[in-house]
Amino acid sequence: MGPTRKPNVCSRLSRRALGFFSRDAGVVQRTNLGILRALVCQKSTKFKNVWTTHSKSPIAYERGRIYFDNYRCCISSVASEPRKLYEMPKCSKSEKIEDALLWECPVGEILPNASDYKSSLIALTAHNWLLRISATTGKILEKIYLASYCKFRYLSWDTPQEVIAVKSAQNKASAVARQAGIQQPVLLYLAVFRVLPFSLVGILEINKKIFGSVTDATLSHGILIVMYSSGLVRLYSFQAITEQFMQQKLDLGCACRWGGTAGTVGEAPFGIPCNIKITDSPPLLFEVSSLENAFQIGGHPWHYIITPNKKKQKGVFHICALKDKSLNENLFTVTASGRVVKKNFTLLDDDPEQETFKIVDYEDELDLLSVVAVTQIDAEGKAHLDFHCNEYGTLLKSIPLVESWDVTYSHEVYFDRDLVLHIEQKPNRVFSCYVYQMVCDTGEEEETIIRSC
């Protein structure tokens, strides 16, 4: 007996309308995504360049929203043609948004305000304000003044959608101090918050007197990751550091006296004092050596990815078990939910003389591996986005990108359900954004819309 034939899209829609999947809400979602995957990969489906724009400031993309002018202007890419959601008032250079994260409502939690159930943009300004902005209107919902003793510049998730880390720029000694041999002991600061409602965990300083010749540090999944110029990476428990070295618990909006100065925590000009100061070497959880400090950790059970600390190994990645550093010979990556998301890399082999792979990503909802391949013809490169079966590596769909591709420029490509978006940075800080949307008909293509923002 041969393999059972999978139902076509019409059959799936009919079964869904009759309530065949009603016993399990998750089945409905998986069925919908299965239908979308079939539509994306079928031969007659095209991806059409529906919108192109250029900007003098960086362009960012996050879950169906395109951000321009340092996040001041937000464009929705969900409609048939991208449309403006909001544009915040013009501001001075000192008030511009440096970095931002998209926060979305957690499932199963009771939140204090109705507006909390809608998506928000958590933004960091150049003058050290942390803002929560409505993702649909641009209205500022919450604001926290961080500090005046350092320049905060970067935002990242410690625990996705739950805890954020705000990292400062690195302290650099002045030319006079360097000539005098005076070292700056504090490399950087990390401010940690739980989100919605905002609550302060604390601000931690990374001190060279404690950690040695550290070059960078970050926070991920409750782990403080400290990096050195030699390629050494060391891991510490942030919770253990907080419990051992927190000088005073601080609450946002509460009166505080610190170092002879009184004020309200999180309000200007007082801000938030650095209340976690490590005075002794904290317990070391783990250390490993990696080329250029290339280190990622995650999965279930815990694994980490490194590049062996030898120049000739650049481009080689080892996936190892955290518990015993053993190399995983199967070469796969697992998500926090325990699913295998990438494998069979040997089936995706490029040919440098014909075309090369530039970007490889995984679309988890559709279970597709997306690969940007570039062919260089004289001075001009042409690119196409290929969709591969994640399980077997089989090529399912190839989408040509109409714009030329210069390999010397910086490129980002996003594949998000029925959308493909390409952001390119050209010389002299000229940014371009190309939006492609799925089209299932074979009608005559209309002229691409060109805009500037």
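Contact here is heavy atoms within 4.5 Å, and helices (H or I, at least four residues) and strands (E, at least two) are DSSP runs numbered from the N terminus.

The model is predicted: local features need pLDDT of at least 70, side-chain atom pairs count only at pLDDT 80 or more, and totals for chains, interfaces and linings use all residues. Residues are numbered from 1 along each chain as its sequence is written, and side-chain values use heavy atoms, with hydrogens and water left out.

Back to α5, residues 238-245. Its buried residues are F238, I241, T242 and F245. Buried means under 20% relative accessible area, exposed over 50%, and partly exposed in between, with a 1.4 Å probe and protein chains only. An α-helix has 3.6 residues a turn, so residues three or four places apart point the same way. On the other side of α5, Q239 and E243 are exposed.

For the whole protein chain, the count is 5 helices and 32 strands. Of its 453 residues, 44% are buried. Among contacts with a separation of 6 or more, 47% are between residues 24 or more positions apart.

Next, the sheets. Two strands pair if DSSP finds at least two bridges between them. Axes are lines fitted to C-alpha atoms, for helices over the stretch in contact, and angles run from 0 to 180 degrees between N-to-C directions. Within this sheet, β3 and β4 (residues 73-76) are joined antiparallel over 4 bridges, and I66 stands opposite I75 in β4.

Beyond its neighbours within four places in sequence, R72 is in contact with Y86, E87, M88, P89 and K90.

Another open sheet of 4 strands runs β6-β7-β8-β9, also with antiparallel pairing. Here β6 (97-103) and β9 (140-145) are the edge strands, each with a single partner, so one side of each is without a neighbour in the sheet. The twist from one strand to the next averages 20°. Strands β7 (residues 120-125) and β8 (residues 129-134) run antiparallel and are joined by 5 bridges. The bridge partner of L121 is I133 in β8.

Last, the aromatics. There are 11 aromatic pairs. Rings of Phe, Tyr and Trp (its six-membered ring) pair if their centres lie within 6.5 Å; planes under 30 degrees apart count as stacked, over 60 as edge-to-face and the rest as tilted. For W51 and F68 the centres are 6.2 Å apart and the planes at 70°, so the pair is edge-to-face. W51 is in β1 (residues 46-55) and F68 in β3 (residues 65-68), so the pair ties together parts 17 residues apart in sequence. Both W51 and F68 are buried. Ring pairs also link F47, F387 and F415 into a cluster.
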